[in-house]
Every structure is written in C-alpha cells, then in structure tokens.
Amino acid sequence: MKILLIEDEAADFKLAHSILSGEGHEILGAHSAEEAMTILETERPQVILTDLQLPHMDGVTFTLRIRQAPETASIPVVGVTAHPDQLGGRHWRQAGFTAFVVKPVSHRSLPRQVEEAARMAA
C-alpha cells in the first residue's frame, strides 16, 4: 500500500517510516503540509498519515483542504497526535479524519490501524 506520511519531527518520522516500510508499504514522506500538498499533485496514496501539529499549516487544516478537492477527497486520512484532546472539541470525523492514532505509535498497532483506515474508505 502507498502511504503518505506527514511528520515534522525527525525521530517520529523515522519510527513511523520504519514500522510501515517494514510491513512492505511504500512510503511517500513529507515534513510539512505544504510539502504533502505538492506530493499530492502527482501521487495518489491509498492512505495519508498526518501529524496534527505541523509548522505553518496544521494537520486539521491540511485535511480540511484535501477534502475540498475532488481528486483527494476520498483518500483516508489518519490523524496522529500526542494530545488526543488537540482537536479542540471538534469531533475528529468532522475534521475529515478517517481514524486517529495517539503517540507514541506502536510497532504492533500502527500497521493495523493504517490498514483498517484504508479498508474503511474502500
């Protein structure tokens, strides 16, 4: 499965990349929402895994934007955060997320959570 991983923290990016690529997934990496938007101009991942706290444009704003574009609206988005209350009272589905993962990510559960999100959108 092709996964777009958006994470600005190097250690968290490396961990998620290692876990998912170790399961045989193709990882497209971005360290900001803007970089991810550029990738989405030419690539169609099957799932997007995005941190919520990103520089310049946060993961919620990014998700709301891609939901507005017909070519990216149906891509499942898994939000990742160390602070589950980070959506500020908004339900994560209302923000456009398919699923939600709390950091620290787990070697055991992250691949399953991403694969479940892909199945939910299929």
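1. Which residues does Leu-4 touch, not counting residues up to four places away in sequence? Leu-4 touches Leu-28, Ala-30, Ala-36, Ile-39, Leu-40, Pro-45, Val-47, Ile-48 and Leu-49. Contact here means heavy atoms within 4.5 Å.

2. A word on the model. This is a predicted model, in which local features need pLDDT of at least 70, side-chain atom pairs count only at pLDDT 80 or more, and totals for chains, interfaces and linings use all residues. Residues are numbered from 1 along each chain as its sequence is written, and side-chain values use heavy atoms, with hydrogens and water left out.

3. Now the core around Leu-4. The largest nonpolar core has 20 residues. Leu-4, Ile-6, Leu-40, Ile-48 and Phe-62 touch the most other members. Strands β1 (2–6) and β2 (26–30) each supply at least two residues of this core, and so do helices α2 and α3. The largest share, 4 residues, comes from α2. A nonpolar core is a set of buried Ala, Val, Leu, Ile, Met, Phe, Trp, Tyr and Cys residues joined through side-chain atoms within 4.5 Å. Buried means under 20% relative accessible area, exposed means over 50%, and partly exposed lies in between (1.4 Å probe, protein chains only). Helices (H or I, at least four residues) and strands (E, at least two) are DSSP runs, numbered from the N terminus.

4. There is another core, apart from the largest one.

5. Next, α2 and α3. Helix α2 (residues 33–40) packs against helix α3 (residues 59–68) at an angle of about 20°, and their axes are 10 Å apart. Axes are lines fitted to C-alpha atoms, for helices over the stretch in contact, and angles run from 0 to 180 degrees between N-to-C directions. That makes α2 roughly parallel to α3. The cut-offs are these: under 35 degrees is roughly parallel, over 145 roughly antiparallel, 65 to 115 roughly perpendicular, and the rest oblique.

6. What residues make this contact? From α2 come Ala-33, Ala-36, Met-37 and Leu-40. From α3 come Phe-62, Arg-65 and Ile-66. By class, the contact of α2 with α3 has 6 nonpolar, no polar and 1 charged residues. Ala, Val, Leu, Ile, Met, Phe, Trp, Tyr, Cys and Pro count as nonpolar; Asp, Glu, Lys and Arg count as charged; the others, Gly among them, count as polar.

7. Helix α1 (residues 10–22) and helix α4 (residues 109–121) pack at an angle of about 70°. Their axes are 9 Å apart. The two helices, α1 and α4, are therefore roughly perpendicular to each other. Ala-16, Ile-19 and Leu-20 of α1 meet Leu-110, Pro-111 and Val-114 of α4. The contact of α1 with α4 has 6 nonpolar, no polar and no charged residues.

8. Look at Thr-50 in strand β3 (residues 47–51). Is Thr-50 buried or exposed? At 0% relative accessibility, Thr-50 counts as buried. Beyond its neighbours within four places in sequence, Thr-50 is in contact with Ile-6, Gly-59, Phe-62, Thr-63, Val-77, Val-78, Gly-79, Val-80 and Phe-97.

9. Now the loop between α3 and β4 (77–81), where Ser-74 lies. Thr-72 is also in the loop between α3 and β4. Thr-72 counts as buried, at 5% relative accessibility, whereas Ser-74 counts as exposed, at 58%. Neighbours up to four places away in sequence are again left aside. Thr-72 is in contact with Leu-40, Arg-44, Ile-66 and Arg-67. Ser-74 touches Arg-67 and Ala-121.

10. Two loops deserve a check of the backbone. His-56 is in the loop between β3 and α3. His-56 has a positive phi of about 70° although it is not a glycine. His-56 is exposed, with a relative accessible area of 79%. In the loop between β5 (99–102) and α4 lies Pro-104. A cis peptide bond joins Lys-103 and Pro-104, with omega about 0°.

11. Last, Met-120 in helix α4. Met-120 counts as partly exposed, at 46% relative accessibility. Leaving aside neighbours within four places in sequence, Met-120 is in contact with Arg-93 and Thr-98.
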